[in-house]
Amino acid sequence: MRGEYNSLQAKVKSENPHAVYIWCWAHRLNLVVEQGVASCLEAVDFFGILGRVFDFVCSSKNRVFLFEQNQKIRNPNLPVRRLKRVTTTRWSSHSTALNTVLLTWASLVDTLEDLWKSEASSDASSFLSYFQSERFLYTCFLFKKIFSVLDPLSKTFQAIDIDLITASSMITSKIGQLLNIRNEFNSIVIEVKQFIQNHLDENFTPLPQKRSRKRKIMSGEKATDEPTSDPLTNFKYHTFYTVLDIICSQIDQKFNNDTISIFKDLSLLTKKRILEIKMDTNKIPCDAFEGIASIYSTFLNAEALNTEYLWLIDCFSNLEKTINLTKYLHKDEDNESTNSSDFESHISESDEELISQCPIEECTNSSSLIYIMFKLFCSSNIRFTLPNIYMLLKIAVTLPVSSASTERSFSILKL
């Protein structure tokens, strides 16, 4: 798909050089998660054991029944859960598997103890010793904190109305959140201690003390090794920082702005940039709209776009008051059907097919910046006054962020 010379995208570009290839953002994020869960020995052991526990318990109806019975005994008021499979092809499977084990931890331990006694299973014994260790708890709460940042991002990338500018800004903010987690190791320690305090009836194996290896000192060498003896500090340096650093570096690598010229030009159409440039027109880039106009030269002209953009900046405040843009930012459920009908009544016949692919009532991402501007143009006659800006917005809302909806359709057809 992505090869530079003989791939599908290369063949499409040979037919149409103006075609823009965008690598599915949801796929990229899934690859980042895959790298993170394979970044160190603790992570590999953790998710490897989660996968083996699923196979061990769910391979037998009797074991599944025993697991469900223990859940009903432990938590009679909570719904019965089943263990989740860990797989690289199903997005968020690592997160759902982790959360399920954490929520049903006590019932799972009871099940493994019963199976160890009744079946004399060595697998149950090894699983039991791992789940009753601080090694499991520290790794579990580390990835729980990481997935709390990445999971909402993955779901947002699969939304039908997200645009490239919103996706790019969300990636930037999530990198900042992941970097902040580097300073939150003490909070993970507190969570682990609180978990142990809530299960005083269980004996947890402390973090293993690793034997320090002696290294031969070469002649003339004056520096000496200072091995880390504290197991908690060892976990912090070799697991905590390693996982976070690899995930952040993979995000930087996978989400490098290969379509930076498009991002730069489309960002000028967001409300924030319009208000900034209205305060100081010198902030308009000297090459504004030239990048995207060169790609879509059949439809767009950079000089005309600049002229219309200056007019849009001057009249945007009055236009916003007239159309009441805030109703698109914060939907009122009582007026949702009214807004939808008003929006559809202003759609031209040539745009009917485009709008039908993403109707208002199906929009789930209220922060989709370009789509808000597109709806503003569609609900007013300004699209006839600024035809080049309107065409640019039409191009922007049809540039995909992910191929999740398409693949989901094929999966349904297969079923």
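## Contacts and the overall model

Contact here means that heavy atoms lie within 4.5 Å. The model described in this report is a predicted one. The protein has 415 residues, and 46% of them count as buried. Its secondary structure consists of 22 helices and 0 strands.

Among the contacts with a separation of 6 or more, 73% are between residues 24 or more positions apart. The accessible surface of the protein comes to about 22900 Å², and 51% of that surface belongs to carbon and sulfur atoms.

## The nonpolar core

In soluble globular proteins, nonpolar side chains tend to be buried together. The largest nonpolar core of this model has 114 residues. Inside this core, the residues with the most contacts are W25, F131, F157, Y309 and L312. Helix α8, which runs over residues 134-157, gives the most to the core, with 13 residues.

For L312, the contacts beyond its neighbours within four places in sequence are with I274, L319, M373, F377, I382, L386 and I389.

## Salt bridges

Side chains of opposite charge can pair when their charged atoms come close. The count for this model comes to 7 salt bridges. One of them joins the side chains of R135 and D45, with an N to O distance of 2.4 Å. R135 is partly exposed at 23% relative accessibility, and D45 is partly exposed with a relative accessible area of 31%. Together with E42, D45 and R135 are linked in a network of salt bridges.

A further salt bridge is formed by the side chains of D110 and R74, at 2.7 Å from N to O. D110 counts as buried because its relative accessibility is 15%, under the 20% limit. R74, at 36% relative accessibility, counts as partly exposed. Another salt bridge connects E184 with K145, whose closest N and O atoms are 3.5 Å apart. E184 is partly exposed, with a relative accessible area of 30%, whereas K145 is buried, with a relative accessible area of 18%.

M1 lies in the segment before α1. With a relative accessible area of 60%, M1 is exposed. Together with L8 and V12, M1 makes a nonpolar surface patch of about 300 Å².

S7 is likewise placed in the segment before α1, a helix that covers residues 8-15. S7 is buried, however, with a relative accessible area of 8%. When residues up to four places away in sequence are not counted, S7 touches M1 and R2.

K254 is found in helix α11, which covers residues 231-254. At 13% relative accessibility, K254 counts as buried. K254 and W23 are 231 residues apart in sequence, yet their C-alpha atoms are 9.5 Å apart in space.

W23 is one of the residues that K254 touches, together with R28, L31 and V32, when residues up to four places away in sequence are not counted.

Note on methods:
Residues are numbered from 1 along each chain as its sequence is written. This is a predicted model: local features need pLDDT of at least 70, side-chain atom pairs count only at pLDDT 80 or more; totals for chains, interfaces and linings use all residues. Side-chain values use heavy atoms; hydrogens and water are left out. Helices (H or I, at least four residues) and strands (E, at least two) are DSSP runs, numbered from the N terminus. Buried means under 20% relative accessible area, exposed over 50%, partly exposed in between (1.4 Å probe, protein chains only). Patches are made of residues with over 30% relative accessible area and no salt bridge: like charges are joined within 9 Å, nonpolar side chains (Val, Leu, Ile, Met, Phe, Trp, Tyr) within 5 Å. Accessible areas come from the Shrake-Rupley method with a 1.4 Å probe; for residues, only the protein chains shown count as cover. A salt bridge is a side-chain nitrogen of Lys or Arg within 4 Å of a carboxyl oxygen of Asp or Glu. A nonpolar core is a set of buried Ala, Val, Leu, Ile, Met, Phe, Trp, Tyr and Cys residues joined through side-chain atoms within 4.5 Å.
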